[in-house]
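Let's take a friendly walk through one protein chain. Have a look at the sequence and the 3D view, and then read on.

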Amino acid sequence: MTLPYLALANEDVEGSGDHPLIERVAGSYIGWFSRSDFDRVTVPTGIHVRNQGYESTETLEGEHLRIVYLFDEPTTTLRIMHSYQQALERAGFEVLFSGRSADNELDNRNGINFMGRYNAVEMMGFRPQMRLPSQRSVSDVAYLAVRSADGNVLAAVVIFMPDRRDTPAVLLDVVTTAEMNSEMAHEPLTAERLATDLGSQGRVALQQIHFAFDSAEILPESSEALTEVAQLLQTNTGLSLLVVGHTDSDGSFEYNLRLSADRAQAVKAYLEQQHDIPADRLRASGAGMMAPLASNQSGEGRSLNRRVELVELPN
């Protein structure tokens, strides 16, 4: 099990990353992160009844990620909840339970019992003044429990306003069984690995570059992968790359073609502006849904298909 990582600034903590099937909400960054190779995780799937516990729960064994997302700007827990629910349902997840303390859907005490019994002790105090809203006061909590269509991923999304803060936080617990496609494992990306794959295949697919939902905005967690791409180009001065954006099949053909092209162009611009890669060594193009790596009938397949590929260009 890896030790928790703490954020020192408003950027993703070193060594952290999103789960490949669960998109973050735009405007958030990872403030705390831990990972266990194998654990047994139980999440609530029903309300909390005082002196009795949760009405129902769901348990799964596998890789366990615990991620805390923070926000720079004030926003509502309701907006974040809707954003997660839409993205998760789009990825093929089933909502097992959802509720808000404001509507007395978590317990009859404004979410206090629900949050107070939630297994979040290890991250309490990870940041100054960062306390879970489990005190005897009104709290603002929203909650989602979801499961992937094939049953290989179980996740709990807890959205709350920490005490003495005016910006929300998201606590994500997600467990993934060992049967999940190994291509989606959290494997570090290096310039050396990129060079090897390009040399053997002429192209390489990257799932480590992430964008905001329905947008070409590159999310902060992509910076490490893009730094490795830049290192590849800086080390191999004769190398030129075609940056190709790919999408899943959700949405119209024209929309996905445009979105994939915009995302490829955003990656090209990032490498030029942030890493001083000459513009004539990069070309950007979008393939939309035309070249899937897997079936779009499953959430895992759609996640694999949403990617950026690097293709070696002839000199």
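A residue is called buried if its relative accessible area is under 20%, exposed if over 50%, and partly exposed in between, using a 1.4 Å probe and protein chains only. The model is predicted, with local features needing pLDDT of at least 70 and side-chain atom pairs pLDDT 80 or more, while totals for chains, interfaces and linings use all residues. Residues are numbered from 1 along each chain as its sequence is written, and side-chain values use heavy atoms, without hydrogens and water.

Start with the aromatic rings. Rings of Phe, Tyr and Trp (its six-membered ring) pair if their centres lie within 6.5 Å; planes under 30 degrees apart count as stacked, over 60 as edge-to-face and the rest as tilted. The count here is one aromatic pair. F97 and Y143 form this tilted pair, with 6.0 Å between centres and 50° between planes. Both F97 and Y143 are buried.

Helices (H or I, at least four residues) and strands (E, at least two) are DSSP runs, numbered from the N terminus. The two partners sit 46 residues apart, in these strands:

| Ring | Strand | Range |
| F97 | β6 | residues 94–100 |
| Y143 | β7 | residues 141–147 |

Now turn to helix α3 (residues 191–201), whose buried residues are A191, L194, D197 and L198. Seen down the helix axis, they fall within an arc of 125° (taken from the directions from the axis to the C-beta atoms), so they line one face of α3. The face turned away carries the exposed residues E192, T196, G199 and S200. Just after α3, G202 has a positive phi of about 80°.
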